[in-house]
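Subject: Structure handover

Hello,

Here is the structure we talked about. Please open it alongside these notes.

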Amino acid sequence: MAKAIEGQSVADVPIGALLSGGIDSSTIVALYQKYSRGPVRTYSIGFEEKGFDEAGHARAVAGHLGTDHHEHYVTVKEARDVIPLLPVIYDEPFADSSQIPAYLVSRHAREQVKVAITGDGGDELFGGYNRHRFIPRLWRGLTYVPRPLRRMTMGWAGRLPPEFWGGVANLLRPGDRPFLGSKIRKGIRAAQSAASFEQFYPAFLDEWEQSPVAGAEDGHPLDLQLAPDVPLATRIMYSDAISYLPDDILCKVDRASMAVGLETRVPFLDHRVAALAARIPIGLKIKGGRGKHILRDLLYREVPRGLFDRPKAGFAIPVGSWLRGELKPWAEELLDPARMAEEGWFDPAIVRRRWRDHVEGRTDSTAALWAILMFQAWLREQRRPVALAA
């Protein structure tokens, strides 16, 4: 890992690192600083909204390591002003709302550096996502419950709002987890009728109970049959590595950074690091109910463990509440039923029902609706007249 960072930190232009304060970026920065001749320039952003601001964690890590740290607190207006730029930046209907902070932190770093090292890839290689731990455990438990009984008991449970499940989870294990209720509800829905793990996992990832795409067929199970003895967590990590990582994470960061002229480099995806990670047994990646066990051991040699004793937060912003408030007129225009019916891509009744439930607070449908909104915004951008040069 140290050699990968050393090689990727060579540049004939100013270089720094993006630091969120999480395990992955902190590991990269810790090793980068350890072998650097001077303070590494690190960059982070923060938000005013409670539950979404990770800047303090990044500041604490940077302070311990002695980096030359720079942070920028983003206003709501500043974040919202990025949204009209997204169809042009991504040039496709890209639907991960963390594209907004990715762009903002890239723009912040680009004020001083032209190259930035990131911690992307650590979750996929070392079992860092919550689904790597919880989904195999949940599926193993479900296999003992007959499918008819699952459909009956989980049918009514899946109709309870995400806020209910978030409250139950916080009673059992207190902590500020703004998205946990939605994930629990989604897991219950996926468990109702899945006959195999290959059906269960895609259903868990799907944000829509009924497809909003006009004329859509049922989804297809993922091919996770690597070998009979491959652990379920490894199958999920493999799926993430060949789909979610290149199609979402790397695409998001690459286009956000290049939009401001910033080159990003990813030491975790150095071929030597990836090959080593593939040989590490799953028991050294997920252990004691926590992911990235072996990576944490490496990090804790450089940074106190106490700085990371908190739930995984992700790189998120409060888009859901914005859609109920300041962004509501923008969303209403894009989700106009007559417009959707004329365009023919989505079923207006399904989309509008989900939109009403979100606006009225019955569900948190941020991810589901953001996908539709980004498609609609991209489609509108594609239909603009092209200005020809004189």
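A crossing is left-handed if the near helix is turned anticlockwise from the far one by less than a right angle, and right-handed if clockwise. Helices (H or I, at least four residues) and strands (E, at least two) are DSSP runs, numbered from the N terminus.

This is a predicted model: local features need pLDDT of at least 70, side-chain atom pairs count only at pLDDT 80 or more, and totals for chains, interfaces and linings use all residues. Residues are numbered from 1 along each chain as its sequence is written, and side-chain values use heavy atoms, without hydrogens and water.

**The helix pair**

H20 passes H21 in a left-handed crossing. On H20, the contact (heavy atoms within 4.5 Å) is made by Val351, Arg354, Trp355 and His358. On H21, Thr366, Ala368, Leu369 and Ile372 take part. Helix H20 covers residues 348-359 and helix H21 residues 366-382. Their axes are 10 Å apart.

**The sheet**

Five strands form an open sheet in the order S3-S2-S1-S4-S5, with parallel pairing. Two strands pair if DSSP finds at least two bridges between them. Strands S3 (68-74) and S5 (263-265) each have a single partner strand, so one side of each is left without a neighbour in the sheet.

S1 (residues 15-18) and S4 (residues 115-117) pair over three bridges. Gly16 stands opposite Ala116 in S4. Helix H2 (residues 23-34) lies across S1, S2 (41-47) and S4. Helix H3 (residues 55-65) packs on the sheet and touches S2 and S3.

Best wishes

Technical notes: Axes fitted to C-alpha atoms, helices over the stretch in contact; angles between N-to-C directions.
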